[in-house]
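User: I am new to this structure. Please show me how to read a few of its features.

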Amino acid sequence: MPPTDIPSQFDVLVVGAGAAGLYTALCLPQSLRVGLITKETVSLSASDWAQGGIAAAIASEDSPTLHIEDTIRAGAGLCDKAAVEFLAEHAPSCIQSLVDLGVAFDRQGNALALTLEAAHSRNRVLHAADTTGREVTTTLTAQVLRRPNILVIQQALALSLWMTPAGDVSDGLRQRTQGISLFYQGKIQWIQARAVVLATGGGGQVFAQTTNPAVSTGDGVAIAYRAGAILRDLEFIQFHPTALTKPGADRFLISEAVRGEGAHLVDNEGRRFAFDYHPAGELAPRDVVSRAIFSHLQRTAADPATANVWLDMRPIPPDKIRHRFPNIIKVCQHWGIDVFTEPIPVAPAAHYWMGGIVTDLMNRTNISGLYAVGETASTGVHGANRLASNSLLECIVFGAQMANLDLADVELQSEIPMLPLREFQPDEGEWHRQQAHIAALRQKLPRLVWQSAGICRSQSALEAAITTIESWQQEFASLPLSQFLLSLTAREPAHLQLADVERQLRLWAETRNLLDVADLILKSAVFRTESRGGHYRLDYPEPDFDWQAHTLVQKNHWWKYPVLNS
C-alpha cells in the first residue's frame, strides 16, 4: 500500500473504521478536516463480522416503548433509562438514513423484512441475509471514500493520546487532548487535532475463545484509561452461546437469528436441554443460554473445556435457510458441515463488551476534546447484558450525534515544533529475545483470562490471575523496546530500525493494551461481589440489590455509582 502523506493537523481524528468510526466520520460537519485512522484496512472490523442485524421499532405492531422495555429487561437493572430512550426513539430515523445511503436491507415485498431475536418481544431486527454488518460497513466505506474532507489513513496504529501538560490547561484542572501519537510507515509521529473520537470496537482478543476479529484488542479503552478517562462496567462481557467449535476453525459466530428462525439447541442425545435452565429455552437472553451450555457440559462432558453442544438448523425450511443464512452455509461447508443434514458443533465464546469509556449522549468523556462511539464507549444503553442487535444500532444512533460537534471555541495551536528525531536500533540477538517474549505473552494472556474470567468466575481464580498479569506487566515494561517507547515525550518523533517493523510494533502495542485490559476486567470482576447479566460469580451466584450500581474506574481507583433511571 503506498504511503499517505499525513498532515500534522486535523480538526477531528477518528480512530477506528468499523460502523461507529465510519458513520461518525460521515456525520461530522463536512467543513471539518477529518482523519480516519485504522490499523488494518477500512474493510476489516468487528462490525464487518456482525451477522444478525440491527434493531429498530419500525413495524406497525411495534413501538420505541416496547424496544425500551426489552432493552432495559435484558440489561438486568444497569441500563441508564435516558440513554435507552434516546437509542430506541432515534432508531427509526437512523435506519432511514442508512437506507438513504444505500444499505440494501432484505425486504418482504416493498417493506423492510424484520426477524425475531432472543429477548425481543417483537420482530424488529433488520438484516441483509446473514452479513448485515458487512453490508453496512461496505456501504459506509464507499461513502467515506467519496468525501473530500475525510482522509483515510490505513495500516496506522494510534499509540496514545497527546495530552496538554497540566500547567497549560485553560479550563480549570481539566486536562484536554490535543491529538494522538501515531505509528505509521515505520515512524512514530504526533498528529494534532481539535477533537479525538475513539471508535476502536471491543476487546474480545483478551479471551482465548472469541467471535471477534484479530483487530479487537481493546485499544481505545486502554489508550483512554492511561490518559485518565473514567471507565465503566468492564466486568460485563457477553458470551455468545453459539460459536462454531471445530478443530482448526476460528470461533465463527452462528447468528442468534438462526435460533430466532427456529433452530434447536441440543446435546449429544439430541435433547433440547436449554429448557432445563429457562422457560424460553434457546431464545432466553444470551448470558442465560451461555451458562446453560457451560453448566450442561460441566455435568455431562468428560472434558468440558473442549466439549460442545449442537445447533440443529433442520427445523427451519431449507429455502429459508438458503435465503437467510447463505454465509453460515458457506462457512460450515468449508469446515465439512452440511447444515441441511447435520447439526453444527457450537460452544460459547466472548462476543461483546458492555463496558467501556463513560460517555454522555453527545459522546463526550471526562477528558475535554475526547469522544468515544460504539463498543469502545459505555453509553449506558446495554447495562449488564446487551439486547441482541442493539450494537450496530448504537454505532449509528450515537455516531449521528457527532453532526452536532461544536469546535468554535477550540483553536489549534499554530504549527508546534517537533523535537529531534529519536532512533531505536537494538542488538539483533536482544531484539529476537524481545520478540519471543512478547509473542509468548500474547499467547498466554488470552488463555489465562478465559480460564479465570470466562463464563463463570470466582474470587480465588480472579486474584491468582491478577497476580500473574501484574507480573507480566512489569516484565513487559522492562523490555528495551518498552522503555524506549514509553520514554518518548509529546512532540518527540521516533524511527524504529527493525526488521518487519509494522508487524512487530503492532504486536507490542496490542500486547500492551491487552495486558491493561485484562488487568481492568479481572479487577472489576473481583470488585463486583454478585452475579448479574454477563458477570457470573460462582461464589456470589445471585444478584445483590446493593450492587444495582455501576462499577467505575479511573487511574486504578474503583468505586460504585448509582444507576441513572430517572
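**Reading burial, contacts and strands**

Analyst: Y371 is buried, at a relative accessible area of 11%; buried means under 20%, exposed over 50% and partly exposed in between, with a 1.4 Å probe and protein chains only. This is a predicted model, in which local features need pLDDT of at least 70, side-chain atom pairs count only at pLDDT 80 or more, and totals for chains, interfaces and linings use all residues. Residues are numbered from 1 along each chain as its sequence is written, and side-chain values use heavy atoms, with hydrogens and water left out.

User: Which residues is Y371 in contact with, leaving aside its neighbours within four places in sequence?

Analyst: Contact means heavy atoms within 4.5 Å. The partners of Y371 include A195, V196, M362, R364, M402 and L405. Y371 itself lies in strand β17, residues 370-372.

User: Why is helix α6 described as largely enclosed by the rest of the structure?

Analyst: Helices (H or I, at least four residues) and strands (E, at least two) are DSSP runs, numbered from the N terminus. Helix α6 spans residues 219-227, and eight of its nine residues are buried, so the helix is largely enclosed. Among the buried ones are D219, V221 and Y225. Just after α6, G228 has a positive phi of about 105°.

User: In what order do the four strands of the open sheet run?

Analyst: Two strands pair if DSSP finds at least two bridges between them. The order is β12-β15-β14-β13, with antiparallel pairing. β12 (237-244) and β13 (264-266) are the edge strands, each pairing on one side only. β12 pairs with β15 (residues 344-353) over six bridges, and A243 has A347 in β15 as its bridge partner.
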